[in-house]
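This report goes through selected features of the structure shown below.

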Amino acid sequence: MNETPPPTAAKGSHDEFGMIHPAPDPNEGDAAVLRTEELLLNMGPQHPSTHGVLRVVLDLEGERILKATPHLGYLHRGTEKLAEGKTYQQIVTLTDRLDYVCAMTNNFAYVRAVEKLLGVTVPPRAEYIRTIVAEMQRISGHLFWLGTQALDIGAMTVFFYTFREREVLIGLFEKLCGARLTYSYYTIGGVGNDLTPEIIAALRAFLKTFPEKIAEYNTLLETNRIWLARTKNVAVISAEDAVAYSLTGPTLRGSGVNYDIRKAEPYAAYADVEWEVPLGKNGDTYDRYFIRVEEIRQSARIVSQCLDKLPDGPISIDVPGITYPSKDRVMVDMESLIHHFKMACEGIKPPKGEIYCATEAPKGELGFYINSDGGNHPYRLKIRSPSFVHLGAFDHMARGYLIADIVTIFGTYDVVMGECDR
Amino acid sequence: MNVVTQLVVILGTIGVVMVTVLLHVAYLTYFERKVLGWMQDRMGPMEVGYHGLLQPIADGLKLFMKEDIIPSGANKIIFSLAPILSLIPALIGFAVIPWGDGQLTIPLPWIGDVTFRPFVTDLNIGILYLLALSSVGAYGILLGGWASNSKYSLLGGLRSAAQVISYELALGMSLVGVLLLAGSLSLVKIAQAQAGGFWHWYAFALPFPQIVALALYGIAAVAETNRLPFDLPEAESELVAGFFTEYSGMRFAFFFLAEYANMILVSCIAAIVFLGGWHAPFPFLDFVPGIVWFLLKVYVFLFFFYWIRATLPRLRYDQLMTFGWKVMIPLVLANILVTSVAAYFWMN
């Protein structure tokens, strides 16, 4: 008690893991004040509910979050750099792997950017098919989100119900393009395959029963006291903050900001059909849940209107130097064979210039910036992915909530790490 | 009946009860997976045996073969002790559970009359004994969480301590109404007092039906056994696996067995205290053996556990505490008050 401890002792020692173990306080005893310390919890990259490999370091006081720091990069595959060495058609397959839950929308966003750079417009039938497929993808993406968000909050059954319907849509995609997850269906200048009458009939049958299925999910959630308690007033973000953090998609609209690229700068067939943009009021998790469920309904509306109006005609432009010649001509026609060979070897050569083109993906604004030097592959490709931008607001939205809310907040962005780390 | 015979009979009864309980625990997991599968549009286990009937055995063997891992930095003694501390109270609770009524006396040559009874013992403080044991079981969770040297386990253990203390009060007090009416703590006496049709069961009997107490008991029992929506100590999506994150192999299996044994135990208590134990709902159905009625009631209660698990999301820690202290406890206290007043006037 008489000697003062050396100054190094107060700092404590580091163990083999680098954790600091404070040295015992010599004054501890009868009059000692109990020491409080923040708990540092490393959540992820291996954790059952971080939606892939997100890692968050949490500063906790008891169970309350003082600070949340997301650490990204565990799924980095260098998509943007890889794209610099690929021809424009080859990059379509890379975009499949961004947001692997909604590969169709990634394809769509990319081919739109290239088409804008090339200055081509696609035929009306292709525009309608693109719209139909993109909205089917939005439905399946939101169903995936609803299931996983409910699972994170503890409601297991919704997950199985939403996957039942997602399975139908994936089956349709498989009929359409042969793949179930990484589609590469959109091509520069159109789409790969035409909608067959069989697919259209199956899609109509699906849309007919779909409202009942949505009602089924909602009976489990919408008025459930526990669900309301877990989502209302959780991860609230005001409209100003949402704009300041560049949030987009349902996360932005949950705060009541009316911004949807499909309405603001209509593309494909969105201007030709009637639909509404659902908006939230409080900017909490419940509003974002509500909006996504409503968006599923609106998407179903868009799909059924597009099916009614579906025009006839080609499903792709036929411009030498941009599209491949049709396969039946390649087999009999010398010029077409040369054309095919040149396309495969050289690819598309857009004019010199740069372009940014944003598309409304299920998660938010998915933008592609392409800088072309006139060659057959982009000089620079930059992807503005909504998941990455949304995680910037993570700390702001997580502070002051409990550990249990962390998984709700992950879920409310609809984060997919493939898109986040690119 | 001499001392040796008596000892053999008691040990035999214990053996039968233990084997029955452990078999039920094993097949409860199968039952749960089938019920959940049925509710969730899928098949449940189908591979091992006919419709997956051998799945629990395969699971048990798998856990038995697993490497036993003790994390570095864990307190070895407490880490090893915790699963045992969790399982033993869950199993010895069955000592006071009566499975049926009456006794069977068989005269044997040379040994004399041997009496078999459908329970191990009839403690006159049966309910108190069960409540005490369920508190001891919480130590297993708390110590397991603390000794693992993992933050997830620690948080799970802490949550569990808070939860068990809060809900044990409600659990114990929801039984008080019946104790007032029955005037006994012995489970056998409580069950015997409910003979003669379902209108004599305490859940529905005059002077004051304990149906509210039964509902409250059900909620508290779900919380006590750490089941959804109260499975915070092992909240999978938040704390990985909560207090048993670091456990593997048989130690993990012990926690698992304890959870399911506790589920059966609380269901047995509900069946005996509120739903008349082994008694048939109508006197003309008395020809069906009591054990059938008893198991039926237990399984209906267990089915509710699964049903709730398939339906509800998980509560948050603070909501759980608020619900426990601000809703459950005032309601059980009100129930005790009304029951006492009703019982007082009824008896006069």
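Helix H10 of chain B gives the most to the lining of the second largest cavity, with five residues. The model is a predicted one. Three helices of chain B each supply at least two residues of this lining: H1 (3-39), H9 and H10 (290-311). The volume of the second largest cavity is about 70 Å³. Its lining consists of Thr20(B), Val21(B), His24(B), Leu28(B), Trp99(B), Ile264(B), Cys268(B), Phe294(B), Leu295(B), Val298(B), Tyr299(B) and Leu302(B). By class these residues divide into ten nonpolar and two polar, with no charged residue.

In total there are three cavities of 30 Å³ or more. The largest cavity holds about 330 Å³ of space. It is lined by 27 residues, of which Ser134(B), Glu224(B), Thr225(B), Ala258(B) and Asn262(B) are the closest to its centre. Five helices of chain B each supply at least two residues of the lining of the largest cavity: H3 (76-92), H4 (126-147), H5, H7 (211-224) and H9 (249-273). Helix H9 of chain B also supplies at least two residues of the lining of the second largest cavity. In the largest cavity the lining has 18 nonpolar, six polar and three charged residues.

Chain A comes next. Its secondary structure comes to 18 helices and ten strands. Chain A has 422 residues, and 55% of them count as buried. Its C-alpha trace spans about 100 × 50 × 35 Å along the principal axes. Among the contacts in chain A with a separation of 6 or more, 68% are between residues 24 or more positions apart.

Three strands of chain A form an open sheet in the order E3-E4-E5, with antiparallel pairing. Strands E3 (39-43) and E5 (64-71) of chain A stand at the edges with a single partner strand each, so each has one side left without a neighbour in the sheet. On average, neighbouring strands of this sheet are turned by 20° against each other, direction ignored. A helix from chain B packs on the sheet: H5(B), residues 151-182, touches E3 and E4 of chain A. The direction of H5(B) makes about 115° with that of E3(A). Helix H5 of chain B is also one of the helices that supply at least two residues of the lining of the largest cavity.

Within the sheet, strand E4 (residues 55-61) of chain A pairs with E5(A) over seven bridges in the antiparallel sense. Glu61(A) has Arg64(A) in E5(A) as its bridge partner, and Leu58(A) stands opposite Ala68(A) in E5(A). The hairpin of E4(A) and E5(A) has two residues between the strands, and Gly62(A) in this hairpin takes a positive phi near 65°.

Thr36(A) lies in the loop between strand E2 (20-21) and E3 of chain A. Is Thr36(A) buried or exposed? Its relative accessibility is 75%, and Thr36(A) therefore counts as exposed. Thr36(A) and Glu61(A) are 25 residues apart along the chain, and their C-alpha atoms are separated by 8.9 Å.

Helix H3 of chain A (residues 88-96) is largely enclosed by the rest of the structure, because seven of its nine residues are buried. The buried residues of H3(A) are Tyr88(A), Gln89(A), Ile91(A), Val92(A), Leu94(A), Thr95(A) and Asp96(A). In chain A they pack against helices H2 (79-83), H4 (103-118) and H14 (334-346), and against strands E6 (186-187), E9 (364-372) and E10 (380-384).

Chain B has a hairpin of its own. Strands E1 (residues 104-108) and E2 (residues 112-116) of chain B run antiparallel and are joined by five bridges. One of the pairs is Ile106(B) with its bridge partner Val114(B) in E2(B). Three residues lie between E1(B) and E2(B) in this hairpin, and Trp110(B) in the turn has a positive phi of about 65°.

Notes:
Residues are numbered from 1 along each chain as its sequence is written. Chains are lettered from A and ligands numbered from 1 in the order in which they are written. This is a predicted model: local features need pLDDT of at least 70, side-chain atom pairs count only at pLDDT 80 or more; totals for chains, interfaces and linings use all residues. Side-chain values use heavy atoms; hydrogens and water are left out. Two strands pair if DSSP finds at least two bridges between them. Helices (H or I, at least four residues) and strands (E, at least two) are DSSP runs, numbered from the N terminus. Axes are lines fitted to C-alpha atoms, for helices over the stretch in contact, and angles run from 0 to 180 degrees between N-to-C directions. Contact means heavy atoms within 4.5 Å. On a 1 Å grid over the protein atoms alone, a cavity is a set of points where a 1.4 Å probe fits but cannot get out, and a pocket is an open set with protein on both sides within 12 Å along at least five of seven lines; lining residues have an atom within 4 Å of a point. Grid points are joined across faces, edges and corners, and a volume is the space filled by probe spheres set on the points. Ala, Val, Leu, Ile, Met, Phe, Trp, Tyr, Cys and Pro count as nonpolar, Asp, Glu, Lys and Arg as charged, and the others, Gly among them, as polar. Buried means under 20% relative accessible area, exposed over 50%, partly exposed in between (1.4 Å probe, protein chains only).
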